[in-house]
Amino acid sequence: MKPQRGNLIGLEADRMAVITVRTIIVFLCILAAMRLMGKRQLGQLELSELVVAVLISDLAAMPLQDLGIPLLNGLVPVVILFSCELLISWLSLKSPGFRRLCFGKPSILMRDGKILARELSKNRFSLDELCEELRGKGVTDLRTVNCAILETDGTLNVLLRAECQPPTASQLGVQTPEPGLPTALISDGQVETANLRLLGLSQSWLLQELKRRGYTAPEQVYYMNLDGAGGIYLQGKEPK
Amino acid sequence: MKKELAAAALLLAIFAADLWNGRHLEALLARMDAGADTALTAAETEHWQEACAEAVSLAGCWQSEADYARVFLRQSDIDAVAETLSALRGAAVGQDYPACLSAVLSLHTRLGSIRDTEKLSLGSVF
């Protein structure tokens with residue numbers, strides 16, 4: 001007996017609902033896992049974290065592609081991977097030996113201005129790649145480089161020779177006040193009350209500062225911060 | 001430290017769930033296999049009412065584990081077993097021994113396939 005058209009539509013609607021709910025669950029699970037792993041930018045991931053990030057996305061997609069696969073088949077591997085990653089991170093923190101085993105150690109590719117060819121070939125890093133990375137750091141003249149270090153996450157850090165580094169205020173004998181860390185006071189119209197409390201400031205002080213700058217309420221302000229030297233940055237919301 | 005303890009606890013919980021799942025599934029499959037053999041024996045000796053009752057009981061047993069099956073087993077496996085149980089019931093009602101035999105053998109094969117897939121062994125891992 002052929003199924004009724006109405007029933008077919010009902011079945012399709014159920015499938016869509018199942019896909020929708022599964023996708024939301026998987027998304028929240030991956031978000032929680034990546035958040036708990038504690039890294040925000042891909043460039044900061046260590047090798048094992050990169051592997052985990054790639055695996056998690058593939059594994060979690062499985063039950064979304066095939067509704068016949070139980071949702072647990074996607075979620076359990078995600079939980080296991082991020083749990084293992086957390087434990088490996090903790091162990092590598094406690095044991096330098098374990099850290100060296102998992103992530104290796106930084107390699108010095110240039111020292112005292114000389115390119116260390118053996119280190120380059122050990123890391124399968126060509127001269128062209130070295131020059132490319134140095135250019136990315138704003139270095140075009142190799143004579144200005146004191147040290148170039150290839151970190152365990154693949155980034156290259158460069159230490160310039162002292163005479164090639166920009167002078168600092170202390171080297172020039174110039175007195176400069178400490179700017180301090182800017183702290184947000186209003187963000188998209190919302191007052192950051194915790195930050196106000198942290199700085200020992202009151203709502204009435206805030207309203208006074210706003211009035212001085214031509215604003216009557218925090219809701220009119222897009223962003224406002226206060227730095228350690230007492231400087232205020234304020235930008236109002238654009239008129240609708 | 002809290003995160004790491006939570007991670008270790010999660011891993012332990014998953015391992016414990018694996019152990020529980022393995023035992024639960026083995027017990028279920030063993031019950032189903034035994035029930036299928038009982039139904040076949042009844043059909044062989046032409047005790048058709050008993051065969052029908054056993055077939056219905058088997059279907060009820062599988063149905064009672066529907067929630068567990070939906071969470072832990074593939075839908076294709078669940079459907080295959082349900083289809084075979086239906087065939088067994090039909091054969092018992094129709095008092096058709098060859099069809100009963102075929103259905104029971106098919107059920108043993110499908111349950112064995114689930115067992116092989118879900119059991120931790122070198123074969124299932126690789």
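How many salt bridges does the structure hold over all chains? In this predicted model, the total over all chains is 9.

One of these salt bridges joins A:K122 to A:E119. The closest N and O atoms of the pair are 3.4 Å apart. Both residues belong to helix α5 of chain A, which covers residues 117-122. They are 3 residues apart, so about one helical turn separates A:K122 from A:E119. A:K122 has a relative accessibility of 59% and counts as exposed, because the cut-off for exposed is over 50%.

Further along chain A, a salt bridge forms between the side chains of A:R213 and A:E209. Here the N to O distance is 2.7 Å. The two partners differ in their surroundings. A:E209 is buried, at 7% relative accessibility. A:R213 is partly exposed, and its relative accessible area is 36%.

Chain B supplies another case. The side chains of B:R115 and B:E26 meet in a salt bridge, with 3.2 Å from N to O. B:R115 lies in helix α5 of chain B (residues 97-118), and B:E26 lies in helix α1 of chain B (residues 2-44). B:E26 is partly exposed, with 35% relative accessible area.

Key. Residues numbered from 1 in each chain as written. Chains lettered and ligands numbered in written order. Predicted model: local features only at pLDDT ≥ 70, side-chain atom pairs only at ≥ 80, totals over all residues. Heavy atoms only, no water. Salt bridge = Lys/Arg side-chain N within 4 Å of Asp/Glu carboxyl O. Helix = DSSP H or I, 4+ residues; strand = E, 2+ residues; numbered from the N terminus. Buried < 20%, exposed > 50% of the residue type's maximum accessible area, 1.4 Å probe, protein only.
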